[in-house]
Every structure is written in C-alpha cells, then in structure tokens.
Amino acid sequence: MAVENVAETSQKHPLAGTGEDITPNKDGGVLKSIIKEGDTTENDRPMKGDTVHVHYVGTLMNGEEFDSSRKRNEQFSFKLGEGRVIKGWDLGVATMRRGEVCVLTCSPEYAYGKNGQGKIPADATLVFEVELFDWSGEDLSDDKDGGIIHRVITVGKGFDKPKEDSSVTVHIVGKHGDTVFDERDVSFVIGEGSEHNLPKGLEKGIQEMLNEETAQFTIKPKYGFGSKGCAEWNVPPDATIKYQVTLSNLVKAKESWEMDHDEKLSAAEKSKAKGTEYFKAGNYKKAIKQYTKILDYLDSYPDIPEEQKASYKELVLAGHLNLAMAYIKNKDNAEAVKSCDKALKVDPDNVKGLFRRGQANLAMSDPILAKKDFNRVVELDPENKAAKNQVTICLHQIKQAAQKEKRLYSNMFEKFAEQDRKAEALKKSSDPPQEFGGVFNKEDVEQPSDKDKVTDSGDGTSETKTESMEAEV
C-alpha cells in the first residue's frame, strides 16, 4: 500500500518529525519529542537487558495507524537493547523516565528499512507515541524469586563470560542503603568467591558479565549475607544490598576437551588439593564439587598414553574414594555407595573402598551387606582393628534385628490366637446347640412354658412372672 493512499480521516501526528536527535551519530534517524514528563525525582533510566513495559500507537508519517497496544488493551514488554525491536525503539525507550509519554520519529534505517513489514511499506518513516510504565532487571536467581537482579550500566566486549574455574579481576562497590560498606579490587577464581567474603549472589551475578562490563546487582538476603549479616562489613541481618561491579579482566578456564593429557592431570591434582582443603574445613559440599571435577577431567579417556596410565588410575581412584568419604560426612550414603562401587571397579580389593561402602550401608541400616564388606577388609588386612570393630557392630545389629523380628512375630501370633479364642467363645455363647449332650438327655431338661418368666427378685431368689415371651435355652 502506497503511503499517499490513505483514508481521509488519517491525520499526521502534530509532533511527527520534530524533537531532539537522540542517535549516537546525530544523523537525524530518531527524533524524540516529550508529551508528558516522567518521574523527575529519580535519575534512573532503563538499561540494556532490562524488561520494559510500554503502551504505544504506531502511525505512518501521514497519520495512518498500523498498530496499537492500547486498542488491544495490553501493555507490550520487551528486553531493551538486544535487537528484539526496531533500532529506534532500543534507542528511544532507553532515554525515557517512568511515566513519560513521548513521540519517536524513526527513519527507515532505524525502523523496517527497504523491506517494510505487514502494513508498513518499504522505506517508511514511522511515528510512535510511547508511554513507559516500568522496567525491571534480569532475575538471575535459580528460583526466579527476584533474589539477584542484574542490570547493565556499561556494555562489555566479546561473548565470553566467566565460568567455573575462570580467573577474574573485578572492582566492586557494595552498598546497604546509601552507605558504602565495601569498595575494593578483587582477583579470584570463580567458585572461590566466599573465600574473599563475596556473597554467593554476587559471584553468581559476575558469571553473567562480559569482559569490561559494568553492572549493578541488587541482592536479597537469601543470596547475600542472610539472617546473620556481615560483621566485617557492618551489614545488618536480613539486609538487601547493592553492588556496582566492573569486570576488568577475565581469563577463561579451559574446557576439558581443550586440554592435553598433562593439563588434565594438572587440573585434576589441583581439584584434589582444593577438595581436601574444603574437606578438612568441614565444607563437604564444596569438597564434593572439587572431587567430582577430578572425574570430569579424567574418567572417560581411553587414549591415555601408556606412561600416564598409572597416574590417571591413581587420581581416578582417589576421586571416587574421596567422593565417597565426603558423601558419608554429608550424610548422603546412597551416593557414597555408588562412589565406592566405581572405586572397586578400578581396584576390586581396595580396602578403603570396601570399608567406606560398609560404613555407608551400615548407616542405611543394612548390617548384613556392611558385614560382608568389613569381613573382606579383615581378610585383606587381618590387623585392621577398625574393620574388626565394625564387624562386631554389624553382628550386634543383626542379632538385635533378629530378636526384634522374633518378638514381632511372637506378638503377632499370640494376637491372632487370642482373636481366634474370642471368636470361638463368642460363637459358643451366641449359637444355640443342635443337640443336648453331656450328662443330660433332651427329655430330662424341663422346658419353661411360654407364659413363665423367671426374674431376679433382688434377694438372691427367683420369682416367676407370667408374661408372653419366648423361652431362652
């Protein structure tokens, strides 16, 4: 449809083609005129990656309307700055305040260009009346409960983001209300932020940043310093905190498939050492994470050079055995048994694997299976006092279980017998006999007449009343 062939009722928007040039190059491609000022009490504006909520009416330069969210009575929402709308919108909406209404005149280069779209012809300049209601940052929390809100202040470079084991250097400014409680440069390895007193929500947020990006994070207590707060930084309990972070350096960790055999062995040794540090400190979850990495690096590589096979086997075995011990300490005995099973595939007579599997099975109330493993340990190592003690414990638990079972069934059978006796007694008392037996013959028993009724007179004797009733036998 040609631009000039429009209905006579179409009227050009009075602010179309007017206003401030808001393009970076000042090429006149996007002009903005404000109809209604927004909230001037705050300096905040929507940032790249924010989800914005707007109403709009779109017309051609001659006034012909081609789209309107108001007619649909439904606000339009989109992520700003990610190319999900025309360029003119990404530029224009980023300049608006909450509650602002403006007109954006977008040249074809900042709209749909030479191709057009739907009712929009090729090379059309478009006019949008836009009202901005609100915006929100990206929620990075796993539960999507608004616990970690990420907003981009300065867009970073490239595409790489820090992942587990990447080395980063950041400048952080932490605030509680208007008070700055932490401002410093920090270099650390992703996964070890807590060792630098960085809350878990901040470390998770940094993993979503690009190199040289500056971002703002709003972190709720669950992902911050929690109900205890942070005495070192004077952060009170249950405080929502904000950080402004600049990622100044990123050295991305290599993926396992990018490493040669020597690098894999080296990385596995480092994970083993870190895991042991965490284990000794009682941080079993982090220990499990590090021990698992050993196996991620080494567990499935059939093309190991002959001279490295012994080192690989030793580290894989250590990974499974250490995982089992960490799982036992973390009271996850089922996973401990699985790790022991894997260790015993590598070395079927490994004493530690057998002993730890016995420990896990005993913790899961299976002394019979546990005793089997402990007995095997004693066979392999007759001087192993710990295994002998565990065998004694298993025998005691097996004996207790047998006695308990015996009492259970004994009580059960006695209960059934008592029920049978009661049922038989009830049957005898309620069912009239078919024949008289014993010392009496049927004819020897005097039958009361239908009119005689014997009642208790109250003085230990009986008296007879004449009354119509059935005789009781």
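In β13, which residue is the bridge partner of Ala-215?

Author: The bridge partner of Ala-215 in β13 is Val-245. This is a predicted model, in which local features need pLDDT of at least 70 and side-chain atom pairs count only at pLDDT 80 or more, while totals for chains, interfaces and linings use all residues. Residues are numbered from 1 along each chain as its sequence is written, and side-chain values use heavy atoms, with hydrogens and water left out.

The pair belongs to two strands, β12 (residues 214-219) and β13 (residues 241-251), which are joined in the antiparallel sense by six bridges. Strands (E, at least two residues) and helices (H or I, at least four) are DSSP runs numbered from the N terminus, and two strands pair if DSSP finds at least two bridges between them. In general, strands of a sheet pair through backbone hydrogen bonds, either parallel or antiparallel.

β12 and β13 sit within an open sheet of six strands, whose order is β8-β9-β12-β13-β10-β11 with antiparallel pairing. At the edges stand β8 (138-139) and β11 (179-189); each has a single partner strand, so one side of each is left without a neighbour in the sheet.

Most residues other than glycine have a negative phi. Glu-212, in the loop between α3 and β12, has a positive phi of about 70 degrees although it is not a glycine. Its relative accessible area is 40%, so Glu-212 is partly exposed; here buried means under 20%, exposed over 50%, and partly exposed in between, with a 1.4 Å probe and protein chains only. Asp-165 lies in the loop between β9 (148-154) and β10 (167-176), and its phi is near 80 degrees, again a positive value in a residue other than glycine. Asp-165 is also partly exposed, at 21% relative accessible area.

Elsewhere, helix α6 (residues 309-329) contains Gly-319. Gly-319 is buried because its relative accessibility is 0%. Apart from neighbours within four places in sequence, Gly-319 is in contact (heavy atoms within 4.5 Å) with Tyr-291, Ile-294 and Leu-295. The C-alpha atom of Gly-319 is separated by 8.9 Å from that of Ala-268, which is 51 residues apart along the chain.

β6 is largely enclosed by the rest of the structure, because six of its six residues are buried. Val-101, Val-103 and Thr-105 point one way from β6, while Cys-102, Leu-104 and Cys-106 point the other way. Strand β2 (residues 30-36) is antiparallel to β6 and joined to it by six bridges, with Ser-33 opposite Val-103. Six bridges also join β6 to strand β7 (residues 126-136), again antiparallel, and there Val-101 stands opposite Glu-131.

With a relative accessible area of 2%, Glu-100 is buried. Its side chain makes a polar contact of 2.9 Å with that of Lys-32; a polar contact is a pair of N or O atoms within 3.5 Å, and within protein one must be able to donate a hydrogen and the other to accept it, with residues adjacent in sequence counted only if both atoms are side-chain atoms. The side chain of Glu-100 also reaches the backbone nitrogen of Arg-97, at 3.1 Å. Beyond four places in sequence, the residues in contact with Glu-100 include Ile-34, Thr-95, Val-130 and Leu-132.

A last point concerns confidence. The mean pLDDT, the predictor's confidence in each residue from 0 to 100, is 87 for the protein, and 85% of its residues reach 70 or more. Over residues 1-8 the pLDDT is below 50, and this stretch has eight contacts in the model beyond near neighbours in sequence. Residues 435-473 are also below 50, with 32 such contacts.
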